[in-house]
Amino acid sequence: MNYKVLDLKLKNLIQLCKETENYKKLSVVSITLISNILNEIGLKLGIRARNIKSNEKIYKYMKLINDVLVKNLKITLFHEEDIESIREIEIFFLKKEGNLPFQYVKILFSIYYELRKLEVPNLYESINEDDFSVTSNIKYFSNRSSKNSNDSDKFKPLILHKIKEKELKLQKELKNGFNKDIFESAIYLKKFKDSFINRSTNKIKLRGKLKDSINYQRSLDDIIGLGIIGTSIIFFIMGLVIIIEMIFYPTLMGALSILILIFFGPSSFLFLLYWYYFKKEGNKE
Amino acid sequence: MEIKKKLKFAFLTGLILIFSSLFLDWYIFQVFNADGTLLDNWAYNIFSEWSTTGNVNNEQLKPSNLFVPVILNFLIIIVTLICAFGVIFRNIESEQELNKLYPFAYANIFLLLLAGFYIFIFPIGYLFTNDLFFPFLMLGDVELNVTYFYCIGPGYVLQILAFVFAFPHTIFYYQTILRFEIKRGSPSIVIEKYIEHVQERLDLDKFIAEEELKKRFKNTTSNIECNQFNEKIIENEC
């Protein structure tokens, strides 16, 4: 819903409820609004929605979001005082079946507007990596290292150390006060760290069709290399068969030795051709 | 022809070669006399074992049967047909769910392994154990004054060629399915819809209307009360 329209309607409703002294309606509306905004925050951060069916309390859900963020990013999103206020009011609300004094309603609305200010980034939105200068150096090293597994092993601790440093810096900044951009950077860094650690299992995800993907088009260049390695394998198998034949019939060793050269020679040549012109080329990119 | 079409064409050629190789001779054994005249000619087919086309049908010169499991031949035919279906009717480039192509990718790999198995195991497991030489050999027998000629047949050669033709497509196909994943719609849109779904409905217009009614009713009631009070005062004064 458009927040401007919502605010106008809320203003109107608050005015009317004050006149009719129907604070029950206002308390229900404010509690629902808080529940909805918390669900939105939680889902955007990749946390499950509040379990209304099993009467999960709002303050408990707020604690859950905080716990997840502390565990992953070492930051807290909601102030303890707000959680405590919500807890007191929620218990009172349940006891009195929604009949809250206007003072509590005011607190609930102020908390709701505080929550709305948070502007939590959507974890599922594709983030433009170039917008985040914090990760540029790390990305440079990580891209270099991903080309070669040996290099990767060498660079990995250094990259992880760099990530850790950035993480701590962001956490410190977030502790001073919530900032959407810093929070977004922290989330991106976390995503980046996870993908870096689990790099081997990551698939290239694309939208639309495979033929429109630049990565797929580039992978077509490997086909010639595959043809070469396939031929190399078949020559190798033949050479191996000849070696086994030599073991079966040692008297034929002299006659068969030339075949070893005929099969293993092209096999090695093709393998080297593949290695230098396709495998290494692929690594250089 | 663009490289994708070439790749497909090569794979189909490989499939045809694998299929036709099963019906061709895999090994040839010939006996010549000192003049170079062909005395006997035995050819091995993996379905029908040894058969001769020579003028002299000398059973004594017939090599012993190799007993390559026929079930493997039927298996290779079935897998070849599955692979042919996959490459002709399922286009990996326009597929929306690459995961659905995994069975074809595994079938391709299985076929390649079967071809590799024949190429590697046929000489080691069946030829060498029956004193048949690989890939070709001419051996003279001084006592009988004959020359034996051992040679792999066109069926085996086609199997080798089929492996070379099928290898790039098989590996490329599997690699592609393993590397790529088609996203089904944007996750941010999906999550927005889910957020909408889990939100508790709040009909503020309805609440406003209810409160307005209440307010009007309250005003009307108070006006009626006021009128009644005024009337009473007027009556008393009179």
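Predicted model: local features only at pLDDT ≥ 70, side-chain atom pairs only at ≥ 80, totals over all residues.

H2(A) covers residues 23-44 of chain A. That gives 22 residues. From first C-alpha to last, H2(A) reaches 31 Å.

H2(A) has a part in the contact between the chains. There, 46 residues of chain A are in contact with 45 residues of chain B. On the side of chain A that touches chain B, H2(A) is one of the elements that each supply at least two residues. The others are H1 (3-20), strand S1 (204-207), H9 (214-219) and H10 (222-248) of chain A. H10(A) gives the most, with 12 residues. By class, this side of chain A has 21 nonpolar, 13 polar and 12 charged residues.

Next, the chain around H2(A). Chain A has 11 helices and one strand. From the N terminus on, its elements run α-α-α-α-α-α-α-α-β-α-α-α. Chain A has 285 residues, and 29% of them count as buried. Take the contacts in chain A between residues at least 6 apart in sequence: 57% of these join residues at least 24 apart.

Two further helices of chain A show how a pair packs. H3(A) spans residues 58-73, and H4(A) spans residues 80-95. Their axes come within 8 Å and cross at roughly 160°. An angle over 145° counts as roughly antiparallel. H3(A) and H4(A) are therefore roughly antiparallel to each other. On the H3(A) side, the contact has A:Ile58, A:Tyr59, A:Met62 and A:Lys63. These meet A:Ile83, A:Ile86, A:Arg87 and A:Glu90 in H4(A). By class, this contact has five nonpolar, no polar and three charged residues.

Across to chain B. Here five strands form an open sheet in the order S3-S2-S1-S5-S4, with antiparallel pairing. The edge strands are S3 (49-52) and S4 (136-141) of chain B, and each pairs on one side only. Neighbouring strands of the sheet are turned by 15° against each other on average, direction ignored.

Look at S1(B), residues 27-33. Six bridges join S1(B) to S2(B), residues 38-45, and the two strands run antiparallel. S1(B) and S2(B) make a hairpin with four residues between the strands. In that hairpin, B:Gly36 takes a positive phi near 95°.

S1(B) also pairs with S5(B), residues 146-152, in the antiparallel sense over seven bridges. In this pairing, B:Phe29 stands opposite B:Tyr150. The bridge partner of B:Phe32 in S5(B) is B:Thr147.

Back to the starting point.

Note on methods: Residues numbered from 1 in each chain as written. Chains lettered and ligands numbered in written order. Axes fitted to C-alpha atoms, helices over the stretch in contact; angles between N-to-C directions. Parallel < 35°, antiparallel > 145°, perpendicular 65-115°, else oblique. Contact = placed C-beta atoms within 7 Å. Nonpolar A, V, L, I, M, F, W, Y, C, P; charged D, E, K, R; others polar. Pairing = 2+ DSSP bridges. Expected span 1.5 Å × (residues − 1). Buried ≥ 20, exposed ≤ 12 C-beta atoms within 10 Å, placed from the backbone.
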